[in-house]
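Please look over the sequence and the 3D structure before reading on. The paragraphs below walk through them one part at a time.

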Amino acid sequence: MSLITTYCSHCFTRNRLPSDKLDSNANCGRCRAALFGVTPLVGRTAQFDILIGSDIPVVVDFWASWCGPCLQFSPVFQQVAKELEPRIRFVKVDTEQETAIASRYAIRSIPTLMVFKRGEILAQRSGSLPPSLLREWLLSLTNRDE
Ligand SMILES: [Zn+2]
């Protein structure tokens, strides 16, 4: 058994917990709220490094409100988040609000999905995809890593 570090969905504090407790309803050591959310977190510049520094892979959906395919993809992302958190963590970044993050990763087409682990990019892809393919893609990344 090892210890893993990941962020709290409410106060963004880094928490450390045993890797075999990931499926439990863990609470944050600081704010006591549920550590894992069932809806994608809104990623902001101030906490972005904490989010992507997680030991658990984090998938980020880069989107914008004017982008039709992004809006169509949004419920897909939400649905798969509900299924896969906390195995994988889900974050959305509004590229118009958070321009610093968007330019740091040179986001040119949206939606773009990027998977991070401990601050590094594990994988990325552009364009919308159906829930089955999103699930399959994300699980293939976590399995490869184990
Ligand atoms: Zn907290």
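The model is predicted. The protein chain contains four helices and seven strands. Read from the N terminus, these elements come in the order β-β-β-α-β-α-β-α-β-β-α. The radius of gyration of the protein chain is 14 Å, close to the 15 Å given by the globule rule for 146 residues, so the chain is as compact as a globular protein of that length. The C-alpha trace spans about 40 × 30 × 25 Å along its principal axes. Of the 146 residues in the protein chain, 32% are buried. Contacts between residues at least 6 apart in sequence can also be sorted by separation: 65% of them join residues at least 24 apart.

Next comes the sheet. Five strands form an open sheet in the order β3-β5-β4-β6-β7, and their pairing is mixed. Its edge strands are β3 (41–42) and β7 (120–126), each of which pairs on one side only. Within the sheet, strand β4 (residues 58–63) and strand β6 (residues 112–117) run antiparallel and are joined by five bridges. Two pairs of facing residues can be picked out here: aspartate 61 is opposite leucine 113 in β6, and phenylalanine 62 is opposite threonine 112 in β6.

Strand β6 also pairs with β7, in the antiparallel sense and over six bridges. Methionine 114 stands opposite glutamine 124 in β7. How many residues lie between β6 and β7 in their hairpin? There are two residues between these strands, and arginine 118 is in the turn. The phi of arginine 118 is near 50°, a positive value in a residue other than glycine. As for strand β6 itself, five of its six residues are buried, so the strand is largely enclosed by the rest of the structure.

Apart from its neighbours within four places in sequence, valine 91 is in contact with Pro40, Leu41, Gly43, Leu51, Val58 and Val60.

Helix α2 deserves a separate look. An α-helix has 3.6 residues a turn, so residues three or four places apart point the same way.

Valine 76 is also in helix α2. Is valine 76 buried or partly exposed? Valine 76 has 19 C-beta neighbours inside 10 Å and therefore counts as partly exposed, since 20 or more are needed for a buried residue. Leaving aside neighbours within four places in sequence, its contacts are Pro130, Pro131 and Leu134. Between valine 76 and proline 86 there are ten places in sequence, and their C-alpha atoms are 17 Å apart in space.

Another cis peptide bond joins isoleucine 110 and proline 111, with omega about -5°. Proline 111 is found in the loop between α3 and β6.

Phenylalanine 12 lies in the loop between β1 (3–7) and β2 (14–18). Although it is not a glycine, phenylalanine 12 has a positive phi of about 70°. With 17 other C-beta atoms within 10 Å, phenylalanine 12 is partly exposed.

Conventions. Residues numbered from 1 in each chain as written. Predicted model: local features only at pLDDT ≥ 70, side-chain atom pairs only at ≥ 80, totals over all residues. Pairing = 2+ DSSP bridges. Buried ≥ 20, exposed ≤ 12 C-beta atoms within 10 Å, placed from the backbone. Contact = placed C-beta atoms within 7 Å. Rg over C-alpha atoms; globule rule 2.2 N^0.38 Å.
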